[in-house]
Amino acid sequence: MSRKHRSAAAQPAAALESGLVVGSHGRHCVVESADGSRRICHPRGKKNQAVVGDRVLWLPAPPGQGEEGSIEQVQPRRNLLYRQDEIRTKSFAANIDQVLILIAAEPVFSESQLARALIAAHEAGIPPIVALNKSDLTGPFAQAWERLAPYRAITDADGQPHYRVLGLNLAAPDAGRTSCCKSCWPTR
């Protein structure tokens, strides 16, 4: 076996570096090291698929063989987000702390897409925030806010809202604050 194709098991343990996947494009990832440097890495084998947010062990290319590396191992994940259609399931992010689902008052948002995003977050154990943008459009915002009433009405066993639903206007100078009603102001 050539030195170029040795597996992680054949490499000295010190040669493996720890990193965080910060980008993923097809069959290669951008891995960030502890020092902040980034490098393109390719997964070893077909089943070793890393996604953004994964912690990985990677191996730099041997001297004189370029700046790219190979992902040797994906560390255990806390959670995994994926999307699914009729044909396939695609993983796209891991180790997520919170999901922001940003929807707009206009054009009218898809309740089906919102429900799918909430289900995916729930399945992965990730707390979601639903943010309704464009509070400056009074009529459409009021209608969209009313469509979100069932989500705002869901409570946990302790009576607290299950979903955090915020109203905002990202185009306003004081973005994130709305004047539509007190119930849609962010809580601190």
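Modeller: A residue is called buried under 20% relative accessible area, exposed over 50%, and partly exposed in between (1.4 Å probe, protein chains only). This is a predicted model, in which local features need pLDDT of at least 70, side-chain atom pairs count only at pLDDT 80 or more, and totals for chains, interfaces and linings use all residues. Residues are numbered from 1 along each chain as its sequence is written, and side-chain values use heavy atoms, with hydrogens and water left out.

Colleague: Why is E111 called partly exposed?

Modeller: Its relative accessibility is 34%, and the class lies between 20% and 50%, so the term applies.

Colleague: What makes E111 and R147 a salt bridge?

Modeller: The term requires a side-chain nitrogen of Lys or Arg within 4 Å of a carboxyl oxygen of Asp or Glu. The closest N and O atoms of E111 and R147 are 2.9 Å apart, so the pair meets the definition. E111 lies in helix α1 and R147 in helix α2, so the pair ties together parts 36 residues apart in sequence. Helices (H or I, at least four residues) and strands (E, at least two) are DSSP runs, numbered from the N terminus.

Colleague: How many salt bridges does the structure hold?

Modeller: It holds five. One of them joins R77 and D54, with the closest N and O atoms 2.7 Å apart.

Colleague: Why is D54 called buried?

Modeller: D54 has 0% relative accessibility, which is under 20%, so the term buried applies. R77, at 34%, counts as partly exposed.
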